[in-house]
Amino acid sequence: MYKIAWCPICDQGWVEIVKDSKTSQLYAYCTECETEWNDPAKGIKEDSCLPFGTFGRFISPTFEEITKSDWYKYIKDSDNKQQTD
Ligand SMILES: [Zn+2]
């Protein structure tokens, strides 16, 4: 999975990039409290999270899908990210 931040809501889990299984939209999701964010430009903050349950079922996006999205630069885990800069 692609971790982008430690969750500011529950302080107990990682926020990861996932993909909505119906719309294929990428969004961020806390694995512990299930809080969701859909706008990487706003960051992973308490005041930028979505109402609970905004998205439905999700699947893991491919690395290629992430690199094409704005989410890519927010990936924290260096194991997931190629060192290009
Ligand atoms: Zn959380």
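Ala5 has Val15 as its bridge partner in β2. Strands here are DSSP runs of E with at least two residues, numbered from the N terminus, and helices are runs of H or I with at least four residues. Residue numbers start from 1 along each chain, following the sequence as written. The model is predicted, so to speak of local features takes a pLDDT of at least 70, and side-chain atom pairs count only at pLDDT 80 or more, while totals for chains, interfaces and linings use all residues.

β1 and β2 pair antiparallel over 4 bridges, where pairing takes at least two bridges found by DSSP between two strands. On to β3: this strand runs antiparallel to β2, and 5 bridges join the two. Glu16 stands opposite Tyr29 of β3. β5 turns up as a partner of β2 as well, antiparallel again, with 2 bridges, and here Asp20 sits opposite Phe58. As for burial, 5 of the 7 residues of β2 are buried, so the strand is largely enclosed by the rest of the structure. "Buried" has a plain cut-off: 20 or more other C-beta atoms lie within 10 Å of the residue's own, while exposed means 12 or fewer and partly exposed is anything in between, with C-beta atoms placed from the backbone. In a regular strand, side chains alternate between the two faces of the sheet.

Next comes the inside of the fold. The largest nonpolar core holds 17 residues, and Ile4, Val15, Ile17, Tyr27, Ala28, Tyr29 and Trp71 have the most contacts inside it. At least two residues of this core come from each of β1 (2-6), β2 (14-20) and β3 (26-30). The largest share, 5 residues, is supplied by β3. A nonpolar core, for the record, is a set of buried Ala, Val, Leu, Ile, Met, Phe, Trp, Tyr and Cys residues joined through C-beta atoms within 7 Å. Ile4 shows what this looks like up close: with neighbours within four places in sequence left aside, its contacts include Val15, Ile17, Ala28, Ile44 and Trp71. Two residues are in contact if their C-beta atoms, placed from the backbone, lie within 7 Å.

β2 and β3 form a hairpin with 5 residues between them, and Ser24 in the turn has a positive phi of about 65°. Ser24 counts as exposed, because 10 other C-beta atoms lie within 10 Å. Glu34 has a phi near 65° too, a positive value in a residue other than glycine. Glu34 belongs to the loop between β3 and β4 (36-37), and its 14 C-beta neighbours inside 10 Å make it partly exposed.

The loop between β4 and β5 (58-59) is where Cys49 lies. With 21 C-beta neighbours inside 10 Å, Cys49 counts as buried. Residues up to four places away in sequence aside, Cys49 touches Ile9, Thr35, Glu36 and Trp37. Its C-alpha atom is separated by 7.7 Å from that of Asn38, 11 residues apart along the chain. Asp39 is found in the loop between β4 and β5, but this residue is partly exposed, with 13 other C-beta atoms within 10 Å. The C-alpha atoms of Asp39 and Leu26 are separated by 9.3 Å, and the two residues are 13 apart along the chain.
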